[in-house]
Amino acid sequence: MNTVTNDQWKWYQFDLEEADGIADIIKEYQYPRDEWFCQQLQKKNSNHIQVDVIGESELIYGSLIYHKESFDQKNYDSFHFYITEEFIITAGIDLKILENTNHERMIERMKQSANTAESFFILLGEIMKKHLNGF
């Protein structure tokens, strides 16, 4: 697990095999859906986004396909995310695929963002830039 931190939130980056650690983080912050989320880590079947409201907090979680080698429907990479006001969890994303991204600059921009949603959009922007540039 890698961690990126600023004063308001943390980004936990996990490998897919670390489901127990992911569940522990979610439980530590007392958020639901930890079991469902960890079960999804083994599935690579589609894009999925879910938004829940827990008390006064919003929770966004799901899976996104972020890399495709060819038009073959079975040859793609997806990652999973779980976003609250306090933390971001990503599982299964290989940032090396973002070859033309300055990773240090991207992480600094994420650290400077005002909240987790803005930070996650910076990551999504880098993924989209890769696809729009044809890489």
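Q: Phenylalanine 79: buried or exposed?

A: Phenylalanine 79 is buried, at 0% relative accessibility. Here buried stands for under 20% relative accessible area, exposed for over 50%, and partly exposed for values in between, with a 1.4 Å probe and protein chains only.

Q: What should I know about the model itself?

A: It is a predicted model, in which local features need pLDDT of at least 70 and side-chain atom pairs count only at pLDDT 80 or more, while totals for chains, interfaces and linings use all residues. Residues are numbered from 1 along each chain as its sequence is written, and side-chain values use heavy atoms, with hydrogens and water left out.

Q: How many residues of β5 are buried?

A: In β5, 7 of the 8 residues are buried, so the strand is largely enclosed by the rest of the structure. Strands are DSSP runs of E with at least two residues, helices are runs of H or I with at least four, and both are numbered from the N terminus.

Q: Which strand pairs with β5 over 8 bridges?

A: That is β4 (residues 57-68), in the antiparallel sense; pairing requires that DSSP finds at least two bridges between two strands. Within this part, isoleucine 65 has serine 78 of β5 as its bridge partner.

Q: And how does β5 pair with β6, parallel or antiparallel?

A: Antiparallel, over 4 bridges. A hairpin through 3 residues joins β5 to β6, and isoleucine 83 has isoleucine 88 of β6 as its bridge partner.

Q: Moving to the rings, how many aromatic pairs are there?

A: There are 9 aromatic pairs, counting rings of Phe, Tyr and Trp (its six-membered ring) whose centres lie within 6.5 Å; planes under 30 degrees apart are stacked, over 60 edge-to-face, and the rest tilted. One of them joins tyrosine 31 and phenylalanine 87 edge-to-face, at 5.7 Å centre to centre and 80° between the planes.

Q: Why does that pair tie together separate parts of the sequence?

A: Tyrosine 31 lies in the loop between α1 and α2 and phenylalanine 87 in strand β6 (residues 87-91), so the pair connects parts that are 56 residues apart in sequence. Tyrosine 31 is buried at 10% relative accessible area, and phenylalanine 87 is buried at 0%.

Q: What is the geometry of the pair of phenylalanine 79 and phenylalanine 120?

A: That pair is tilted, with 6.4 Å centre to centre and 55° between the planes. It links phenylalanine 79 in strand β5 (residues 76-83) with phenylalanine 120 in helix α4 (residues 116-132), 41 residues apart. Phenylalanine 120 is buried, at 6% relative accessibility.

Q: Which residues does glutamate 126 touch?

A: Leaving out residues up to four places away in sequence, glutamate 126 touches Leu98, Thr101, Met106 and Arg109, where contact means heavy atoms within 4.5 Å. Glutamate 126 lies in helix α4 and is buried, with a relative accessible area of 8%.

Q: Glutamine 30: buried or exposed?

A: Glutamine 30 is exposed, at 71% relative accessible area. It has a positive phi of about 65° although it is not a glycine, and it lies in the loop between α1 (19-28) and α2 (34-40).
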